[in-house]
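Please keep the model open while reading this note.

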Amino acid sequence: MPQNKPVPKIKGEFLLGNLRQMKANPFQALCDWQRDYGDLVRFRLATRHFYLISHPKLIEQALIKQSDTFVKMYDPKKPTGLGLVLGQGLVTSQGELWQRQRRLMQPVFQRSNLASLHAQIVMAGNNLLARWRLLGDGAQVNLADEMMQVTLEVITQTMFSTSVLDKIEHIAPALDTALRYAAKSVMNPLRIPLSIPTQANREFNAASALLDEVIYGIIEQRRTQTAVHNDLLAMLLNASDDKGNLMSDKQIRDEVITIFSAGHETTANLLSWTLYLLARHPDVLAKLRQELDTLVQGEIPTAEDLQQLVYTRAVLNESMRFRPPVGIIMRKIIKDTEIDGYSLKQGGLAIFSIYNIHHHPDFWQQPEQFDPERFLNGENRRFSFMPFGTGERICIGNHFALLESQILLSMIVQNFDLQLLNTDEAEIEMAVTLKPKGGIPVKLTARSRHR
């Protein structure tokens with residue numbers, strides 16, 4: 001019986017392995033290693049061993065056929081990565097807890113329920129447009145910050161029936177600090193324990209305390225209200241297990257902060273990248289506006305209109321291919337296994353690169369070209385296009401994110417022209433999500449018919 005092949009290894013330093021390259025620019029390192037070594041490679045960060053996986057066939061073999069071997073890496077005793085921020089929320093939890101919470105929360109995100117959230121998304125969009133009009137033509141804003149604000153307003157209004165806009169200037173940087181720290185904790189096995197007051201640890205602890213204050217405040221505020229709400233928070237507060245036990249405040253907190261952060265950060269990045277790409281491709285923007293002018297004629301698209309906005313959806317899909325909001329998925333390998341004839345060892349960490357798969361020349365013609373037309377032919381792209389992940393742990397909010405993005409994108413491009421203030425290509429930064437480094441500075445001009 002033939003032996004499984006060893007996975008190609010990236011050369012590194014004796015003690016640190018490939019830690020210097022990863023710390024310098026993790027996004028670029030993962031791209032370079034796939035280009036230079038192939039679709040399955042292994043590397044080492046000091047004592048931690050990783051496998052970089054960048055091919056649809058390998059994704060299917062690992063995440064679908066061996067999902068019980070490639071598992072979420074949350075350890076409640078020694079949390080790392082997103083577990084540091086989200087606790088045992090839906091993104092990080094495993095086993096029975098994950099299955100129970102997923103079943104509980106699924107109805108909120110079903111397509112049949114999403115139409116009821118349309119008005120709240122529109123209200124947040126109108127608040128954004130009104131704020132921009134007050135700033136006046138020629139005003140300069142950071143598009144990434146603006147999209148963070150509007151998507152945060154959407155998620156808190158739709159899921160928790162509250163607003164945190166009065167705290168936005170504190171919440172956004174705290175969330176950014178926490179998520180950056182979480183990302184670095186996975187890639188840096190030499191991390192100093194949180195109990196030691198280094199500057200990074202102090203900043204993370206302060207950010208976590210602020211986020212907890214906001215989240216527990218939302219929960220407490222709801223407990224004191226007599227009004228009946230039909231939202232995600234109401235479901236979490238009223239849910240009980242087989243023995244009639246309600247969820248602990250800690251578990252509710254973990255689910256709320258998971259939806260709170262994952263539910264707006266990724267959509268904000270999707271909108272930021274899409275508007276940036278449209279500003280760089282005026283021909284695509286013109287086609288998008290032509291579809292909107294024909295079908296909605298300057299109005300806000302209804303739920304029925306959204307089904308007809310085929311090119312708008314193609315633009316968002318191509319944006320998610322070209323600049324996927326989440327660039328990687330991580331899993332821990334809990335037993336020796338093999339994929340495609342290669343041996344993978346127990347205890348290794350698998351990084352599935354969505355970005356590399358979305359730019360793989362075997363599956364995409366001219367992958368470095370932004371071309372929404374490629375999504376108009378109805379081609380089956382299973383595993384080669386997976387902006388929301390895949391398998392049983394596909395993002396629970398994928399339909400909600402697309403609904404929100406279609407509405408907000410339609411509202412923005414119909415009402416404003418955005419001129420990029422920096423003509424250089426925006427640099428990609430990987431900090432859990434793929435975001436434009438330093439944001440996207442733009443100049444606002446209201447479109448004449450909407451002045």
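1. Which residue in strand 13 does Gln-419 stand opposite? Gln-419 stands opposite Lys-443. Strands here are DSSP runs of E, at least two residues long, and helices are runs of H or I of at least four residues, both numbered from the N terminus.

2. On the source: this is a predicted model, in which local features need pLDDT of at least 70 and side-chain atom pairs count only at pLDDT 80 or more, while totals for chains, interfaces and linings use all residues. Residues are numbered from 1 along each chain as its sequence is written, and side-chain values use heavy atoms, with hydrogens and water left out.

3. The sheet is open and has three strands in the order 5-13-10, with antiparallel pairing. Its edge strands are strand 5 (140–142) and strand 10 (416–420), each pairing on one side only. On average, neighbouring strands are turned by 40° against each other, direction ignored; axes are lines fitted to C-alpha atoms, for helices over the stretch in contact, and angles run from 0 to 180 degrees between N-to-C directions.

4. Two strands count as paired if DSSP finds at least two bridges between them. Strand 13 (residues 441–446) pairs with strand 10 over five bridges and with strand 5 over three bridges. Leu-420 has Val-442 as its bridge partner in strand 13, and Asn-142 stands opposite Pro-441.

5. In a regular strand the side chains alternate between the two faces of the sheet. The covered face of strand 13 holds Val-442, Leu-444 and Ala-446, and the uncovered face holds Pro-441, Lys-443 and Thr-445.

6. Helix 10 (residues 199–223) has 25 residues, which at 1.5 Å a residue should span 36 Å; the end C-alpha atoms are 36 Å apart, in agreement. The expected span is 1.5 Å times one less than the number of residues. Among the buried residues of helix 10 are Phe-204, Leu-211, Ile-215, Ile-218 and Arg-222, where buried means under 20% relative accessible area, exposed over 50%, and partly exposed in between (1.4 Å probe, protein chains only). The buried residues of this helix pack against helix 4 (83–86), helix 8 (143–160), helix 9 (168–187), helix 11 (232–238) and helix 12 (249–280); contact means heavy atoms within 4.5 Å.

7. Gln-149 lies in helix 8. Its relative accessible area is 18%, so Gln-149 is buried. Leaving aside residues up to four places away in sequence, Gln-149 touches Arg-131, Leu-165 and Ile-168.

8. Helix 2 (residues 26–37) also agrees with expectation: its 12 residues should span 16 Å, and the end C-alpha atoms are 16 Å apart. Its buried residues include Phe-27, Leu-30, Cys-31 and Trp-33. Gly-38 follows helix 2 and has a positive phi, near 120°.

9. How many disulfides does a search of the whole structure find? The search finds zero, a disulfide being a pair of cysteine sulfur atoms within 2.5 Å. Cys-31 is buried, at a relative accessible area of 15%, whereas Cys-395 is partly exposed, at 33%.

10. Helix 13 (residues 282–295) and helix 17 (residues 398–415) pack at an angle of about 105°, with axes 10 Å apart. These two helices are therefore roughly perpendicular; that class covers 65 to 115 degrees, with under 35 roughly parallel, over 145 roughly antiparallel and the rest oblique. Leu-285, Leu-288, Arg-289 and Leu-292 in helix 13 meet Leu-409, Ser-410, Val-413 and Gln-414 in helix 17.
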